[in-house]
Amino acid sequence: MKMEILEKNDINFRIIVRDADVPLMNALRRLALAEVPTMAIEEVVMIENSSILQDEIIAHRLGLTPLKTDLDAYNLPEDCECQSEFGCPQCRVTLTLDAEAKEGTRTVYSGEIVSENPEVIPVSDKIPIIKLAKNQKLKLEAYARLGRGKVHAKWQPVSMCVYKYYPKINVPTEKCEECSKCSDVCSKKVLVVKDAKVDVRDLLACNLCMDCVDACPKKPSPLTIEWEKNAFIMTIESTGALPPERILQEATKTLGKQLNEIDELLKAESQ
Ligand SMILES: [Zn+2]
């Protein structure tokens, strides 16, 4: 297998993977969505709530607030030695919120949540939690724990995890009629027509929709779109909970663990 990194930053990770196949790419995609753990608020103890929103709605909003996750410092509740319903410092982070609207109506943002661990805080301090009218108060204690996306979407580390085939565009070798219908119809602006010649401007943006081929007045079109059967472009967009490349690493680790488990079971059966 070969890999080439196209883009890498705190949120986005875009790679080309060659000599792979669909089952492998899809397994990694699904593991990233469902199996890579992140921190999310699981329980909320309301101390005071004089706002117009019910406790449950506020708890739901807090649960869906993505938290920066320190995967190496915490245990999943089911793997933790404490085996306690309430958790221990190894499997739980306590966060508090104490907000009041003294001056007049105001919005309470995620930046006001105080965490006992400065590494586990909301990924953005601009997420609106609630709007309070004058003299309304919201005071609560919340407990975040590690969990998996297959149990609840609040634990999904990715807001997007997709792959597509690596496109192959065969432009006409001869000059065409300069109608530029193929480049006009393309929403991704992949093609450009200049001096009656079609050129590829941005190959990787092509999503194989075939609109350009359909738009060509010549039938059959001299322009054809194909894809490489074992090359893929994968895009991972993190919620900010984990670095995107770490999400992919954890997904591959999980795949390895699951395959090992099958191997162990087969060995045990054949003894
Ligand atoms: Zn514990």
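This is a predicted model: local features need pLDDT of at least 70, side-chain atom pairs count only at pLDDT 80 or more; totals for chains, interfaces and linings use all residues.
Visitor: What makes D184 count as exposed, and where is D184 found?

Guide: D184 is found in helix α3, residues 181-185. Its relative accessible area is 55%, and since exposed means over 50%, D184 is therefore called exposed.

Visitor: Which residues is D184 in contact with, leaving aside its neighbours within four places in sequence?

Guide: With those neighbours left aside, D184 is in contact with C179 and K189, where contact means heavy atoms within 4.5 Å. As for D211, it is 27 residues from D184 in sequence, and the two C-alpha atoms are 9.9 Å apart in space.

Visitor: How do you know that the span of helix α1 agrees with what it should be?

Guide: Helix α1 has 13 residues, 22-34, and at 1.5 Å a residue these should span 18 Å, the expected span being 1.5 Å times one less than the number of residues. The end C-alpha atoms of α1 are 18 Å apart, so the two values agree.

Visitor: Which residues of α1 are buried, and why are they said to be on the same side of the helix?

Guide: M25, L28, L31 and A32 are the buried residues of α1, buried meaning under 20% relative accessible area. They cover an arc of only 130 degrees around the axis, and therefore they lie on the same side of α1. On the other side of α1, P23 and R30 are exposed. The buried residues pack against the strands β2 (12-18), β9 (158-170) and β12 (224-238), and against α5.

Visitor: What is the volume of the second largest pocket, and which element gives the largest share of its lining?

Guide: The second largest pocket has a volume of about 180 Å³, and the residues that line it include L76, R148, K150 and W155. Two or more lining residues come from each of β3 (38-49) and β8 (137-147), and β8 gives the largest share, three residues. This lining has six charged, five nonpolar and one polar residue; G147, one of the lining residues, is a glycine and is therefore counted as polar.

Methods:
Residues are numbered from 1 along each chain as its sequence is written. Side-chain values use heavy atoms; hydrogens and water are left out. On a 1 Å grid over the protein atoms alone, a cavity is a set of points where a 1.4 Å probe fits but cannot get out, and a pocket is an open set with protein on both sides within 12 Å along at least five of seven lines; lining residues have an atom within 4 Å of a point. Grid points are joined across faces, edges and corners, and a volume is the space filled by probe spheres set on the points. Helices (H or I, at least four residues) and strands (E, at least two) are DSSP runs, numbered from the N terminus. Buried means under 20% relative accessible area, exposed over 50%, partly exposed in between (1.4 Å probe, protein chains only). The arc is that of the directions from the helix axis to the C-beta atoms.
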